[in-house]
Every structure is written in structure tokens, then in C-alpha cells.
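The entries below follow the order in which I looked things up.

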Amino acid sequence: MHAMGCNEAREWMSLRLDGRLEPAEEEQLSEHLRRCPSCALEWSHWQELDGLLRTAPGVAPPEGLSALVLERLRQQRARQIAGSLVVIGLQVTGLGVLMLGAVAYCLHGVAPVLSQVPYLIPAARFAATHLVTVAGVLGEAIGVLMRAAVSRRAALLAPAYALLAAGVMAAWLRVVVRRRPAAGGPAGA
Amino acid sequence: MRDERTLLQQALMGDDTAFAGLVVAFQGPVYNLCYRLLGTPMEAEEAAQETFLRVYRRLHTYDPAQKLSSWILAIAAHYCVDRLRRRRHVVGVPVEEVLPRQPQEEKMAGPEERLLHHERQREIQDLLSHLPEGYRTVIVLRYWYDASYEEMAEMLGTTVSAIKSRLHRAREVLAARLGESPARLAAGESGRDVARDGLQ
């Protein structure tokens with residue numbers, strides 16, 4: 001049995017409190033404590049601390065904690081659904097405007113589309129004016145690109161472009177729907 | 001009464017009532033852990049709520065080989081440690097004067113006993129507040145939840161030797177602190193039944 005140093009003794013004190021010392025180690029530590037007053041004093045503090053913590057009271061949770069958790073859960077779900085709907089709505093609107101602008105430009109040019117603006121429903125006039133204007137500009141840009149690629153087939157490619165865009169949109173929606181848990185189950189971590 | 005595993009399965013299927021049952025089953029241990037780590041009833045309540053929201057989001061990641069209580073307490077402990085780290089960068093928070101409701105209060109005979117009990121709570125919380133978050137966590141898990149080294153290592157994602165070392169260092173700090181303290185804490189009733197409630 002080797003003579004134990006104070007550092008080692010301190011390490012073993014912690015293990016002793018957790019019942020992790022073998023009987024021979026227990027004896028070795030006790031022997032050291034008998035011979036070393038400073039470690040013995042420290043051990044008395046450790047024991048006092050241990051006793052204090054072992055009898056420390058628990059605290060009771062506040063009333064209605066589970067109801068509060070469920071309420072927050074519902075709020076989070078509502079926010080998630082609202083957020084998803086807004087994003088989907090924006091995507092669908094954007095896609096529709098792009099398709100409309102591209103097709104309208106390729107078939108008729110931008111002027112007739114803009115000429116319809118004053119006849120739109122008054123309540124939607126402001127938004128519609130801007131959307132159609134933007135769509136016209138985007139449509140023109142797309143038309144230029146298409147003409148550059150295949151000069152006389154622009155009108156035929158416009159529907160193909162619209163179909164492609166719709167396909168991408170559908171794939172995107174599918175991903176979004178899949179990521180949403182069914183029947184209100186938990187979402188991903 | 002449905003057991004906790006059944007509640008978990010039903011909560012996974014989207015049954016909110018079952019999830020509420022899980023919250024009721026573990027609210028005592030979770031709240032107590034949050035209170036001991038964060039030190040104030042208000043923060044503990046908020047942290048307990050956030051813990052259960054995280055539990056809900058991660059239900060599908062639960063490994064049945066693991067003890068359910070350990071899994072939930074690990075989520076609570078990680079959240080509280082993160083919170084303590086963030087708080088350290090903002091401002092030092094003193095030990096809370098307003099103590100949470102005690103489960104033994106109803107049984108206490110008179111104001112003297114209550115005062116003693118509150119004083120004891122305050123002193124323990126004051127001691128804990130001097131520990132870095134990593135040390136505080138192992139002390140709380142060891143004393144209030146009787147967690148073994150192996151359980152703590154699994155919950156905190158570390159090694160058994162790291163847990164031993166943290167416990168040793170934490171006790172050193174606390175014993176030194178206690179040695180300096182002019183007043184000794186009086187012995188009182190054990191209230192750890194509440195902390196362990198639902199962990200059996």
C-alpha cells in the first residue's frame with residue numbers, strides 16, 4: 001500500500017461520497033485522514049456539504065404548467081400554418097403573374113395587357129396595376145431571351161415555359177406538404 | 001392510468017391529451033432541475049415550458065433504449081446550460097429573493113419553520129450560484145436526481161471520467177465556500193421526493 005498524497009486524497013473524497021471506493025481504498029483514505037489534519041478538516045467540510053445537499057428540499061412546479069405548455073404548442077402550430085400559407089400564397093401569385101405576363105406578351109405584346117388595367121375591379125386596381133406592369137416587364141425580358149434562343153418559336157415556347165414553371169411549383173408544394181406532419185404530429189427537431 | 005411510454009406513443013400520433021399527461025408526469029423533476037440551475041422561479045417556469053416544447057418537437061427522435069426521464073432531463077439541462085451561458089454575457093443575476101412555492105409549506109407548523117426552510121433554500125441556491133454551469137449541472141443531477149456517473153455522462157454527452165472530475169471540482173469549490181460561510185445551515189425536512197417524483 002503506497003502512502004497517499006493530499007491531492008490524491010481529495011480526489012478520493014469525492015469518490016467516497018458517491019460510494020465508488022473499494023474497501024481497500026476506503027481504508028487507505030481513512031488512514032491518510034487520520035494522519036493529515038488539513039485533509040481531515042477538508043473532509044469534514046465535504047461531509048457537511050454532502051449532508052446539506054442530500055437533504056436539500058425540492059421545489060414544486062407552478063400550477064397549470066401543462067396547460068401553458070399546450071397553449072404555447074397551439075400558438076406555435078398556428079404560426080407555422082399561417083407562415084406556410086403566406087409563403088405558398090406568394091409563390092402561387094408570383095408564378096401566376098409570371099405565366100400570365102409571359103403568355104400575354106408572347107401572344108399579344110405588352111400594350112393590350114396594360115390597356116386592360118383601367119377596367120380591373122377598383123379595389124384591386126392599385127395592386128393589379130403593379131403586378132401586371134411587373135409581369136409585362138418580366139414577360140418582355142423572357143420574350144427577349146426566348147427570341148434570342150429560337151427567334152420564331154417564342155410563342156410556342158411560352159406555354160412550355162409555363163408548364164415547366166408549374167411543374168417546379170408543384171414539386172415545391174409537394175416538398176412543403178411532405179414536411180408538414182400529418183394529424184398535428186410533431187415536426188422535425 | 002396510462003404509463004409514460006404509452007403516453008409518448010400516443011403523443012407521437014398527435015394526441016395532445018397524452019402529451020399533457022407526459023408534462024404532468026415530468027413537470028416536477030423538470031421544473032426543479034430548471035430552478036436549481038437557473039436560480040429564479042420565473043426563469044425556471046419559462047425554461048420548463050421551453051423544455052417541454054423541445055420534447056414535443058423531438059418525440060420522434062427518442063430512443064426507447066434510453067430512460068425517458070433521463071432523456072427529458074437531458075433536454076432540460078442542455079437548455080438551461082445554454083441559457084446560463086447567454087446570461088453570463090449579459091449581466092450577473094443575483095440570487096433570487098422570491099423563492100418558489102415549497103411542497104412542504106402546507107405541512108410546516110409555524111412561521112419559524114418556514115423561515116428556516118426559506119433560509120436553507122436561499123443558502124443552497126447561493127452556493128450553487130457560485131458554480132460554473134457545467135459543475136452546477138452535475139451537482140444538481142447527482143444530489144437531486146441521484147444520477148449515476150454513467151447516467152450523467154450519457155445525458156450530458158461526455159465521459160465518465162469527465163463527470164468524476166467535474167463533481168470533484170464542484171465539491172471542492174462548494175466545500176471551500178461552505179468553509180468560509182459564517183453560518184451553518186440547519187438540518188431540515190427532505191423535500192427531494194418532489195424532485196424525484198415521476199422518476200421512478
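Read along its sequence, chain B gave me the pattern α-α-α-α-α-α-α-α-α, that is, 9 helices and 0 strands; helices (H or I, at least four residues) and strands (E, at least two) are DSSP runs numbered from the N terminus. I note that this is a predicted model, in which local features need pLDDT of at least 70, side-chain atom pairs count only at pLDDT 80 or more, and totals for chains, interfaces and linings use all residues. Residues are numbered from 1 along each chain as its sequence is written, while chains are lettered from A and ligands numbered from 1 in the order in which they are written.

I then looked up burial: 40% of the 200 residues of chain B count as buried (20 or more other C-beta atoms within 10 Å of the residue's own, C-beta atoms being placed from the backbone).

Next I took one helix pair in chain B. Helix α2 (residues 16–38) of chain B packs on helix α6 (residues 133–145) of chain B at about 140 degrees, with axes 10 Å apart (axes are lines fitted to C-alpha atoms over the stretch in contact, and angles run from 0 to 180 degrees between N-to-C directions). For the contacts (C-beta atoms within 7 Å), I list P29(B), N32(B), L33(B), R36(B) and L37(B) in α2(B) against R136(B), T137(B), V140(B), W144(B) and Y145(B) in α6(B).

Note on methods: Buried ≥ 20, exposed ≤ 12 C-beta atoms within 10 Å, placed from the backbone. Contact = placed C-beta atoms within 7 Å.
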